[in-house]
Amino acid sequence: MPALPTQRPLWEATAAPAPVLAPLEGAAAAEVAIVGAGYAGLAAALALAEAGVAVTVLEAEAPGAGASGKNGGQVIFGLRPTVAECVASYGTGAGERLHALGKLAADRTFALIARHGIDCDARQGGYLYAADTVAGMQGARER
């Protein structure tokens, strides 16, 4: 079976090109190595670097080429699991803290963009939670 053609996401096709970065050659030393230059990896690397930690980020492709770049440019408030689901999985304290952290993720992302002047056409104006089934509507009400 022939391979399916890959399509570039619209945001990628209309965005400024990713920076050209030199590949790692030879030995390198760092206090922390982070594999993956998606949102989580880059945010962790930035926090560590700002704390004075020598950090190296390793990425096989361009920054954001993995899951972070496949989301259509969306930065959505919260987590998919409800508070009750987080509590059922992780216990009351950890589940509630995890869910609260998810609520902060979008604000923290936009704060990083603003603080560092990242030119990425970011807009923070809400999100749409669509439901097309009775169960989906119940989930929307719970959220």
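Begin by selecting T56, which is partly exposed because its relative accessible area is 24%, where buried means under 20% relative accessible area, exposed over 50% and partly exposed in between, with a 1.4 Å probe and protein chains only. T56 sits in strand β2 (residues 55-58), and here helices (H or I, at least four residues) and strands (E, at least two) are DSSP runs numbered from the N terminus.

Before going further, note that this is a predicted model, in which local features need pLDDT of at least 70 and side-chain atom pairs count only at pLDDT 80 or more, while totals for chains, interfaces and linings use all residues. Residues are numbered from 1 along each chain as its sequence is written, and side-chain values use heavy atoms, with hydrogens and water left out.

Colour the chain by pLDDT, the predictor's confidence in each residue from 0 to 100. The protein chain averages 86, with 95% of the residues scoring at least 70; the mean is lowest in helix α1 (residues 10-14), at 75, and highest in strand β1 (residues 32-35), at 97. Where pLDDT is low, the predicted coordinates should not be read in detail.

Next select D121, which lies 65 residues from T56 in sequence and 27 Å from it in space, C-alpha to C-alpha. D121 belongs to the loop between α4 and α5 (134-142), has a positive phi near 55° although it is a residue other than glycine, and counts as exposed because its relative accessibility is 61%.

Move to helix α2, whose twelve residues should span 16 Å at 1.5 Å a residue, in agreement with its end C-alpha atoms, which are 16 Å apart; the expected span is 1.5 Å times one less than the number of residues. After α2 comes G52, with a positive phi near 90°.

Now show the side chains of E50 and R115, which meet in a salt bridge at 2.9 Å, N to O, the term being a side-chain nitrogen of Lys or Arg within 4 Å of a carboxyl oxygen of Asp or Glu. This pair links distant parts of the chain, with E50 in helix α2 (residues 39-50) and R115 in helix α4 (residues 92-116), 65 residues apart. E50 counts as partly exposed, at 48% relative accessibility, whereas R115, at 51%, counts as exposed. By this rule the count comes to one salt bridge.
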